[in-house]
Amino acid sequence: MKKKTKNDILMGNSTSRKVFVTINTILLITITFITILPIIHIISLSFSSTQAAEGGLVGLLPVQFSLKAYESILGKTSFYKALMISVKRVLIGVPFSLLCTILVAYPLSKEKNKFSARKVYVWFFIITMLFNGGLIPTYIIVKSTGIMNKIWALILPSAVSVFNILILMNFFRELPKELEEAALIDGAGHTSILTKIYLPLAKPALATLVLFIFVFHWNSWFDGLMYINNIEKIPLQTYLQQILTMPDTRFMSADQLQELGNASRRTNNAAQIIISTIPIMIIYPFLQKYYTTGLVLGSVKS
C-alpha cells in the first residue's frame with residue numbers, strides 16, 4: 001500500500017480531505033439555498049395578485065401574475081421626487097462621510113510617540129459608541145443649527161461613524177511602517193503620505209466603508225421622518241414607509257380609495273423590498289472583490 005505523502009495531503013488526495021470537501025460543499029450549497037429561497041419568494045410575491053398573496057398561495061413562483069404593486073408605487077410623481085432626494089443624499093453623504101472617516105482614522109492610527117493625544121481621542125470616540133445623548137438632544141441640535149428640512153439634516157448627524165473609524169484605523173495600523181518612514185526620508189508630508197501611499201493601499205477597506213455608508217444612507221428612513229417636515233423633500237425610504245404604513249386618505253379621490261382598498265399590503269411590501277435593494281445589488285458586485293484582495297502584500301521587499 002502506497003504511503004500518503006505530505007504533498008498528497010495538501011493537494012487533497014487523502015480520504016479525510018475528500019470527506020471534508022464533500023461535507024463542506026453540501027453545507028455551503030444548503031446555506032446558499034436557505035439564503036436565496038426567501039429572496040425568490042419575495043420577488044414572486046411582488047408579482048402576484050392580491051387574492052393569491054392574501055390567500056397564502058404564493059410559493060417560489062408568481063401566482064396570477066400582476067404588476068399592480070409596482071404600478072401603485074412607481075406610478076406617482078412623488079415617488080420620483082423622493083428617489084432623487086435619496087440619490088442626492090447618497091452622492092453627497094457617501095463622499096462626505098468617507099472624507100470625515102479618513103481624516104479621523106489617519107491620525108489615530110499613529111503611535112503614541114508620534115501623536116501624544118491619540119489615547120485621549122480614541123477613548124473619546126469609543127465612549128460615544130456606548131453612550132449617546134439620545135433622540136431629543138439630537139433633534140434639538142439639528143433644529144438649532146438651522147438644517148431642518150434640508151438635505152444636510154440627513155447627512156451631518158450621521159457623518160462620523162465610530163465603527164467605520166475603527167475599521168479604517170486598524171487597517172492603517174497594519175500597514176508596514178517602513179512605507180511611511182521611507183516617504184518621510186524622501187521629504188513627503190502627511191498629506192502626501194495619506195493620499196499617495198495609505199489610501200491606494202487601503203482600497204479594500206475603503207470599498208467596504210463605501211458599501212456600509214451607501215447601505216446606511218439608502219436604507220435610512222427614520223431621520224427623514226424626524227427632520228424633514230416637507231413631504232416634497234423626504235427621501236425614498238421615508239416615502240415608502242409612509243405610503244405603506246399610514247397612507248393619507250384625506251386627499252384621495254374615489255378611484256384612489258378604491259385602488260387602496262384593492263391593494264395588498266403583502267405585495268406592496270414585497271415590491272418595496274425589491275425596489276429598495278436594487279441599487280445595493282447593483283453596487284455590490286463592483287465592491288465585493290476588494291473584500292478578499294490584500295493589496296498590501298508585496299509592498300515591502302525584504
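Start by selecting Arg118, which is found in helix 6. Helices here are DSSP runs of H or I with at least four residues, numbered from the N terminus. The model is predicted: local features need pLDDT of at least 70, side-chain atom pairs count only at pLDDT 80 or more, and totals for chains, interfaces and linings use all residues. Residues are numbered from 1 along each chain as its sequence is written, and side-chain values use heavy atoms, with hydrogens and water left out.

**Stop 1: Arg118**

Keep Arg118 selected. Arg118 is buried (under 20% relative accessible area; exposed is over 50%, partly exposed in between, with a 1.4 Å probe and protein chains only). Arg118 has no salt bridge (a side-chain nitrogen of Lys or Arg within 4 Å of a carboxyl oxygen of Asp or Glu). Glu111 is the nearest side chain of opposite charge, 6.5 Å away. Lys and Arg count as positive, Asp and Glu as negative; His and the chain ends are not counted.

What does the side chain of Arg118 reach? Show the backbone of Leu108: its oxygen is 2.5 Å from the Arg118 side chain.

**Stop 2: the second largest cavity**

A cavity is a set of points on a 1 Å grid over the protein atoms alone, where a 1.4 Å probe fits but cannot get out; lining residues have an atom within 4 Å of a point. Rolling a probe the size of a water molecule over the atoms shows where empty space is left.

The volume is about 40 Å³. A volume is the space filled by probe spheres set on the points, with grid points joined across faces, edges and corners.

Which helix gives the most to this lining? Color helix 8 (162-174). Helix 8 supplies four residues, the most in the lining of the second largest cavity. Helix 6 (118-130) also supplies at least two. The lining divides into eight nonpolar residues, no polar and no charged. Ala, Val, Leu, Ile, Met, Phe, Trp, Tyr, Cys and Pro count as nonpolar, Asp, Glu, Lys and Arg as charged, and the others, Gly among them, as polar.

**Stop 3: the largest cavity**

The structure holds two cavities of 30 Å³ or more. Go to the largest, with a volume of about 50 Å³. Select Ser109, Lys110, Glu111, Lys114, Phe172, Lys177, Glu180 and Tyr198. This lining has two nonpolar residues, one polar and five charged.

**Stop 4: a charged network**

Side chains of opposite charge can pair when their charged atoms come close. Pick Glu180 and Lys110 from that lining. Their side chains meet in a salt bridge, 2.9 Å from N to O. Glu180 is in helix 9 (residues 177-185) and Lys110 in the loop between helix 5 and helix 6, so the pair ties together parts 70 residues apart in sequence. Both Glu180 and Lys110 are buried.

Glu180 has a relative accessible area of 2%, whereas Lys114 is partly exposed at 48%. Salt bridges that share partners join Lys110, Lys114 and Glu180 into one network.

**Stop 5: Glu232 and Lys81**

How many salt bridges does a search of the whole structure find? The search finds four. Select another one: Glu232 with Lys81, the closest N and O atoms being 2.9 Å apart. Glu232 sits in the loop between helix 12 (222-227) and helix 13 (236-245), and Lys81 in helix 5 (residues 77-108), so the pair ties together parts 151 residues apart in sequence. Glu232 is partly exposed, at 41%. Lys81 is partly exposed too, at 39%.

**Stop 6: Gly224**

Move to Gly224 in helix 12. Gly224 is buried, with a relative accessible area of 0%. The C-alpha atoms of Gly224 and Tyr239 are separated by 8.8 Å, with the two residues 15 apart along the chain.

**Stop 7: two loop residues**

Select Gln64, in the loop between helix 3 (50-54) and helix 4 (68-74). Its phi is near 55°, a positive value in a residue other than glycine. Gln64 counts as exposed, at 52% relative accessibility.

Finish at Asn149, in the loop between helix 7 (135-144) and helix 8. Phi of Asn149 is near 65°, again positive in a residue other than glycine. Asn149 is partly exposed, with a relative accessible area of 23%.

Notes. 1 Å grid on protein atoms, 1.4 Å probe; cavity = no way out; pocket = protein on both sides within 12 Å on 5 of 7 lines; lining within 4 Å. Polar contact = N/O pair within 3.5 Å; in protein donor to acceptor, adjacent residues only side chain to side chain.
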